[in-house]
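Dear colleague,

Please find below the structure that I am handing over to you. I would be grateful if you could look through it alongside the notes that come after it.

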Amino acid sequence: MNNIFFPLVCYLLLVLGIAVWGSRKSEKSGDADSFMKEYFIGGRSMGGLVLAMSIITAYTSASSFIGGPGVAYNVGLGWILLSMIQVPTAFLTLGVLGKRFAIISRRTNAVTITDFLRARYNSDAVVILSSAALLVFFMASMLAQFIGGARLFESITGYSYRTGLIIFGITVILYTTVGGFRAVVLTDLIQGFMMLIASFAVLFAVSKAGGGVAKIMDTLYKTDPALLTPYGAGNAIPLPYMLSFWVLVGFGILGLPQTTQKCLGFKDSRSLHRAMVIGTLAVGFPMLAMHLAGAMGRAVMPGIEIGDLAISTLTIKLMPPFWAGIFIAGPLAAIMSTIDSMLIMCSAAIVKDLYFHYAAKNDASRVTPASLRRMSFSVTAFIGIIVFFAAMQPPALLVWINLFAFGGLEAVFFCPILFGLYWRKANASGAVLSMLTGCAAFFFFTITKVSVCGTTAIVPSLSVSVIAFVLGSLFAKAEDETLLKNFDF
Amino acid sequence: MKHSDTGRILRRETAVTLLLYLLFFAWWYVTAYCTERDPSKYRYVFGVPRWFFLSCIAGYLGISALLWLCVKFFFTDVPFDGEDKSDE
């Protein structure tokens, strides 16, 4: 057991150390305004490699390392095909939003996505809706990540759920609180590399244990020929279902705040260009390797009943303990790096978008940097601790909301962000209408399981929110010219 | 004028990005769904079914290479700070 534990604890200490080292830079910031810019967006200093890793680690979560490969174990190569829909995630986000966000956020002094929406729509309703959606959905997602991480820890090391939760939960809360955005992206860099190494190691172990890829494919064919088709065993992935994922994890991610937020933090064009290429390479490899390992695992070790246990079972049985310890750091890295991005954004929503704007009237001279700093630290820690304790005894409501988090965020943010950037007529009425109807539609279609032409809930919901946005915008007046000037190119 | 130059660059880069995205989708779709359908007649490349090699492995590496070329040749450095000073 200690052989697994040792590399893991070393890894967590390394992450913590880097975060503390990196955060020393934030000590120097002068007034409240520059403190917030530093704490919540790292002073807009991300380079290409850091930006790329930061986007893909915020995006890659427990499901890419545990859930997804587990489904691939059950249905075969078709699920790998599905996971590859995510390959263009990074370049689509950066190519469509990157430079526009970079320029506009400097013109309007925006630090968060909500700042951007406020500058574009000048509407309290938009700001409050987006902050509320962000807080609720992020806290539910963080809870799910905490639970996933602790369960994984439990299944691999044999230590209890609580021990796992305490060890990695405290690490992530601590470094995010102390280091802010800079610590988040610095650790993301390490976590991203960890994910790459871990996914390579597990793929290697599985194919070696199965006597080579060709032999494994032959065994899969003998088990069930459908495992080798795009449709999956038992026709589990019909075409309309598959194509829905081009919305949910395809272009829909343009509305995912945890990735779009990163477009506010990079340094220059060169960083963006490099991040597009590196991000695409680095998101594709772990997806391909982990899902392939899951699918091939079926041939190497048949009969694992619960898909979610497939990867951890394979790891324990096939890898020497030391390497199993390295491996578990991979999914833990994916989990922690998703939590840290969300945690710092929740804190920004409360401190910057709500407190600083409404209570301090957006005036940096009204608050001392020291008090704002104390407040930011305590809000970050407080949210982290709430979610941490929630994960001890997961409340049904939050677990349930998590089911809607990914699609719900897209339904809320997709239209206001994209139309705000690309359509001059977009206005606050359209934004409010589309946020409300998009979110409501997503809940409705998910709960009632009503399917439109065999697609999943995100397709009709996003369509509804687009229609609502366009109608709302056309029937109300366009925003003020002075306001729009900041968004013209 | 510098201002509209930036606009033209941004529009072109958005177009290139979307074009690459569509291209990836088309390749992904055609190689996975419009080739052989019967698993007993599958051909194999490097041990994996040919459709899988083309759509998942070649598609991933191909789009990365293409993206690298596009970024190198079509993407331009744009200053982020004070880019519209020429307006005043």
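This is a predicted model: local features need pLDDT of at least 70, side-chain atom pairs count only at pLDDT 80 or more; totals for chains, interfaces and linings use all residues.

The interface

Chain B and chain A bury about 4300 Å² between them, and carbon and sulfur atoms account for 75% of that area. On the side of chain B, the residues that lose the most area to chain A are B:Tyr21, B:Tyr60 and B:Phe80, which together make up 19% of what that side buries. In terms of contacts, 46 residues of chain B meet 49 residues of chain A.

Ten residue pairs are in polar contact between chain B and chain A, counting pairs with both residues at pLDDT 80 or more. Helix 1 (2–33), strand 2 (48–49) and helix 2 (50–74) of chain B each supply at least two residues of the side that touches chain A. The largest share of that side, 17 residues, comes from helix 1 of chain B. By residue class, the side of chain B that touches chain A divides into 29 nonpolar, ten polar and seven charged residues.

The rule finds two salt bridges across this interface. In one, the side chains of B:Glu13 and A:Lys99 meet at 2.7 Å, N to O. In another, A:Arg106 pairs with B:Asp81, with the closest N and O atoms 3.7 Å apart. A:Arg106 belongs to helix 6 of chain A and B:Asp81 to the segment after helix 2 of chain B, so this pair joins two chains. A:Arg106 is buried, at a relative accessible area of 17%, whereas B:Asp81 is exposed, at 57%.

A:Arg44 sits in the loop between helix 2 (32–41) and helix 3 (48–59) of chain A. Leaving aside neighbours within four places in sequence, the contacts of A:Arg44 include A:Arg106, A:Asn109 and A:Phe266.

Other salt bridges

Over all chains, the count comes to ten salt bridges. The side chains of A:Arg424 and A:Glu481 form one of them, at 3.1 Å, N to O. This pair links distant parts of the chain, 57 residues apart: A:Arg424 is in the loop between helix 17 (396–422) and helix 18 (428–448), and A:Glu481 is in helix 20 (residues 481–484).

Within chain B, B:Asp5 forms a salt bridge with B:Arg8, with the closest N and O atoms 3.6 Å apart. The two are three residues apart in helix 1 of chain B, so about one helical turn separates them. B:Asp5 is partly exposed, at 34% relative accessibility, and B:Arg8 is exposed, at 56%. Elsewhere, salt bridges that share partners join A:Arg424, A:Glu481 and A:Asp488 into one network.

Two positive phi angles

A:Asn109 is not a glycine, yet has a positive phi of about 60°. A:Asn109 lies in the loop between helix 6 (89–108) and helix 7 (113–121) of chain A. Phi of A:Asn235 is also positive, near 50°, and A:Asn235 lies in the loop between helix 10 (213–223) and helix 11 (239–248) of chain A.

With kind regards

Terms used. Residues are numbered from 1 along each chain as its sequence is written. Chains are lettered from A and ligands numbered from 1 in the order in which they are written. Side-chain values use heavy atoms; hydrogens and water are left out. Contact means heavy atoms within 4.5 Å. Buried area is the accessible area (1.4 Å probe) that two parts lose on being put together, summed over both. A salt bridge is a side-chain nitrogen of Lys or Arg within 4 Å of a carboxyl oxygen of Asp or Glu. A polar contact is a pair of N or O atoms within 3.5 Å; within protein, one must be able to donate a hydrogen and the other to accept it, and residues adjacent in sequence count only if both atoms are side-chain atoms. Helices (H or I, at least four residues) and strands (E, at least two) are DSSP runs, numbered from the N terminus. Ala, Val, Leu, Ile, Met, Phe, Trp, Tyr, Cys and Pro count as nonpolar, Asp, Glu, Lys and Arg as charged, and the others, Gly among them, as polar. Buried means under 20% relative accessible area, exposed over 50%, partly exposed in between (1.4 Å probe, protein chains only).
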